[in-house]
Amino acid sequence: MGTRPLLNRRLAGMGTTIFAEMSALATATGSINLGQGFPDTDGPDEVREAAVRALREGRGNQYPPGPGIPELRQAVAEHQQRFYGLSYDPDTEVLVTAGATEAIAAALLALLEPGDEVIALEPFYDSYAACIAMAGATRVPLTLRAPDFRPDLDRLRSLITPRTRLLLINTPHNPTGLVLTADELATIAALAVEHDLLVITDEVYEHLVFGAAHHPIAALPGMRERTVAISSAGKTFSFTGWKVGWVKPCSPTYSLAR
């Protein structure tokens, strides 16, 4: 192997995922595991039984279509229309993935090139850093600070440079619980439009909010065509091990002017 490192140099210093470390410690010590976002109990019986019926009826046991089975893509499109008034074509604008993590990785690898910068809320889901590094891009943190963890939007504006390619927005936020307000999202959207940026939104906790409301940034003016929206069934239905996610991509006709 000579002197070349075994792993890709872009992953230098990444180490083991914190989820693996904390879950292993919880198992070894018999502790309650607060290090990973899975629930204490399984989700609704009717969801589990629907999956069992599908397996027994021979549905989903073999390779599905690349974008995901049509019924699920249709359900995702109907969900967006029902809750947010957003219209997506299930055949061309919904892609099913192996959990939201695959969707995040695929989106970042597809949209970034070496030298690009990504502004992301910090603290962050740890796969963000690895995926951005694998794309050869640079993560630029917008740090959320206690006690309220509200984003400093003036600071966000100052972080945007000619190399900024996209904003990676996680709301409802993991791990702080922050839910961006409509006004905060409007300011972020205006910056994205002003600087012609793409936006990736991680919205897996969209239905787990208390005393607040989740607003998708894709619904704001000028954002539908530049936003890649990502979510999953795992958090919503408490079946995180099933790894069922989806992505609603930005318009295929969109291209950066720069």
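The lining of the largest pocket in this predicted model is made up, by class, of 18 nonpolar, 10 polar and 4 charged residues. The space inside the largest pocket comes to about 1,200 Å³, and among the 32 residues that line the pocket, those closest to its centre are Ile69, Leu72, Ala233, Trp242 and Val244. Two or more lining residues come from each of the elements α2 (45-56), α3 (70-84), β1 (95-97) and α8 (233-237).

The second largest pocket holds about 730 Å³ of space and has a lining of 33 residues, with Phe19, Thr101, Tyr125, Asp126 and Ser127 lying nearest its centre. Here the classes are 15 nonpolar, 14 polar and 4 charged residues. At least two residues of this lining are supplied by each of α1 (18-29), α4, α5 and α8, and it is α4 that gives the most, with 4 residues.

How do the axes of two of these helices, α4 and α5, cross, and at roughly what angle? The axis of α4 (residues 99-111) and that of α5 (residues 127-134) come within 9 Å and cross at roughly 30 degrees. Because angles under 35 degrees count as roughly parallel, α4 is roughly parallel to α5. The crossing of these two helices, α4 and α5, is right-handed. On the α4 side the contact is made by Thr101, Ile104, Ala105, Leu108 and Leu109, and on the α5 side by Ser127, Tyr128, Cys131, Ile132 and Met134. Sorted by class, the residues in the contact of α4 with α5 are 8 nonpolar and 2 polar, with no charged residues. Two of the contact residues, Thr101 of α4 and Ser127 of α5, are also among the residues that lie nearest the centre of the second largest pocket.

The peptide bond that runs from Glu122 to Pro123 is cis, with omega near 5 degrees, and Pro123 is placed in the loop between β2 (117-122) and α5. Asn174 and Pro175 are likewise joined by a cis peptide bond, for which omega is about 20 degrees, and Pro175 lies in the loop between β4 (164-170) and α7 (182-194). Ser238, although it is not a glycine, has a positive phi of about 65 degrees, and its place is in the loop between α8 and β7 (245-248).

Technical notes
Residues numbered from 1 in each chain as written. Predicted model: local features only at pLDDT ≥ 70, side-chain atom pairs only at ≥ 80, totals over all residues. Heavy atoms only, no water. Axes fitted to C-alpha atoms, helices over the stretch in contact; angles between N-to-C directions. Parallel < 35°, antiparallel > 145°, perpendicular 65-115°, else oblique. Left-handed = near helix turned anticlockwise from the far one by under 90°. Contact = heavy atoms within 4.5 Å. Nonpolar A, V, L, I, M, F, W, Y, C, P; charged D, E, K, R; others polar. 1 Å grid on protein atoms, 1.4 Å probe; cavity = no way out; pocket = protein on both sides within 12 Å on 5 of 7 lines; lining within 4 Å. Points joined across faces, edges and corners; volume = space filled by probe spheres on them.
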